[in-house]
Amino acid sequence: MKIAIIADTHWGVRNDNSVFLDASKNFLENVFFPTINKQGINTIVHLGDLVDRRKYINIQTAKRLREDFIQPIIDRKLEYHQILGNHDVYYKNTNDVNAVRELYGDNFPLYDTTTEVTIDSLPILFVPWINVTNRDQSVEAIKRSNAKVCMGHLEIKGFEMFRGSIATHGEDRSLFDRFHTTMSGHFHHRSTDGSIYYLGSHGQFTWSDYGDERGFHVFDTETLELTFIENPYKMFSKIIYDDSNLAFKDLDGIDFEKYKSTYGKIIVKNKNDPYLFDIFCNKVEKAGLIDWQIVDDHLNLNIEDDSDISFEAESTIDIFKKYIALSSWNTNNVNKEKLEQTIVSLYNEAIGFAQ
């Protein structure tokens with residue numbers, strides 16, 4: 001039997017921006033549910049952070065969540081399991097008050113405490129967000145479990161919260177050594193150490209997610225094989241402009257259409273012909289980007305590829321991290337790792353992704 005596993009959907013992300021609601025709908029209608037239909041999947045497990053805000057939900061967002069995700073599940077008569085994430089709960093010290101229960105009541109199983117569930121004869125330990133109230137019960141259940149598989153919304157040290165930023169706080173990975181496979185939401189970047197799998201979010205939410213593969217997974221309860229299904233809808237694009245060897249006739253050969261419905265940055269490496277650049281930008285605009293900006297790459301020399309683009313073309317969080325890493329503070333007085341962790345936490349709090 002196969003199970004569809006999705007995590008960190010964050011309905012209402014970016015201040016309930018309709019662009020991200022539409023992107024989720026495109027993914028669900030054209031990738032997620034068609035895959036479920038094609039593979040004959042009848043069970044879905046959500047690993048937490050169904051919604052984005054802990055304190056409230058926008059009415060339009062609630063409507064879109066119901067219409068685009070919950071109702072198709074009901075219409076298909078699918079079995080749905082919801083594990084609570086930290087963004088689903090109102091208080092930070094308890095899972096008792098949560099958006100999922102208030103929105104959907106008893107419509108489907110909701111896991112606010114660590115619970116062992118059997119799906120297709122396979123015992124699976126469901127672990128919701130661990131806080132001070134449920135910690136003892138959760139840790140004890142994990143240590144005593146005989147299940148082969150653990151699924152949860154976990155914070156484990158040593159894994160990437162997003163590319164290049166390692167979590168220095170959370171549970172020790174040894175707590176989950178007893179399981180053949182552990183799958184978790186919470187960190188939006190996909191990563192694994194061979195037995196623990198952070199499955200990542202279904203879509204891209206910030207510029208820090210640029211170039212990062214997103215999607216959902218299909219889990220085989222017999223073979224314990226985990227298969228990634230990629231979301232082809234990217235939210236962020238970088239477009240390199242270099243007219244050193246570019247002529248007007250070359251513009252017709254550029255596929256601007258692939259940047260449609262994305263946030264874009266035009267990275268200007270060389271601009272020798274202002275008129276040619278205006279025509280290029282006009283074609284970018286006509287391609288139907290959501291929004292785009294021009295980044296003058298005057299700080300770089302001899303760029304080989306996109307990964308070499310300067311701070312101006314990078315995300316805010318990347319700039320913070322590089323500044324901290326390159327700073328010459330006395331390390332006896334400044335713990336750079338802790339400072340980075342604090343900055344990341346404050347940044348995420350500001351954009352609605354408080355860890």
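Predicted model: local features only at pLDDT ≥ 70, side-chain atom pairs only at ≥ 80, totals over all residues.

Trainee: How many helices and strands does the protein chain have, and what percentage of the residues count as buried?
Mentor: Helices (H or I, at least four residues) and strands (E, at least two) are DSSP runs, numbered from the N terminus. The secondary structure comes to 8 helices and 17 strands. Buried means under 20% relative accessible area, exposed over 50% and partly exposed in between, with a 1.4 Å probe and protein chains only. Of the 355 residues of the protein chain, the buried share is 50%.

Trainee: Among contacts between residues at least 6 apart in sequence, what percentage join residues at least 24 apart?
Mentor: Contact means heavy atoms within 4.5 Å. Among contacts in the protein chain between residues at least 6 apart in sequence, the share that joins residues at least 24 apart is 71%.

Trainee: Are helices α2 and α3 roughly parallel or roughly antiparallel to each other?
Mentor: Axes are lines fitted to C-alpha atoms, for helices over the stretch in contact, and angles run from 0 to 180 degrees between N-to-C directions. The axes of α2 (residues 18–39) and α3 (residues 59–75) come within 11 Å and cross at roughly 5°. Angles under 35 degrees count as roughly parallel, over 145 as roughly antiparallel, 65 to 115 as roughly perpendicular and the rest as oblique. The two helices are therefore roughly parallel.

Trainee: Which residues meet in the contact of α2 with α3, and how do they divide by class?
Mentor: L21, D22, K25, L28, F32 and F33 in α2 meet T61, R64, D68, F69, P72 and I73 in α3. Ala, Val, Leu, Ile, Met, Phe, Trp, Tyr, Cys and Pro count as nonpolar, Asp, Glu, Lys and Arg as charged, and the others, Gly among them, as polar. The residues of this contact divide into 7 nonpolar, 1 polar and 4 charged.

Trainee: What is the volume of the second largest cavity?
Mentor: On a 1 Å grid over the protein atoms alone, a cavity is a set of points where a 1.4 Å probe fits but cannot get out, and lining residues have an atom within 4 Å of a point. Grid points are joined across faces, edges and corners, and a volume is the space filled by probe spheres set on the points. By this rule there are 5 cavities of 30 Å³ or more. The second largest cavity has a volume of about 70 Å³.

Trainee: How do the residues of the lining of this second largest cavity divide by class?
Mentor: The lining consists of F20, A23, S24, H202, G203, Q204, F205, N231, Y233 and M235. These residues divide into 5 nonpolar, 5 polar and no charged.

Trainee: Is Y241 buried or exposed?
Mentor: Y241 lies in strand β15 (residues 236–242). Not counting residues up to four places away in sequence, Y241 touches several residues, including I266, V268, L276 and F280. At a relative accessible area of 0%, Y241 is buried.

Trainee: What phi does D8 have, and what phi does N15 have?
Mentor: Most residues other than glycine have a negative phi. Phi is positive in both residues: near 50° for D8 and about 55° for N15.

Conventions. Residues numbered from 1 in each chain as written. Heavy atoms only, no water. 1 Å grid on protein atoms, 1.4 Å probe; cavity = no way out; pocket = protein on both sides within 12 Å on 5 of 7 lines; lining within 4 Å.
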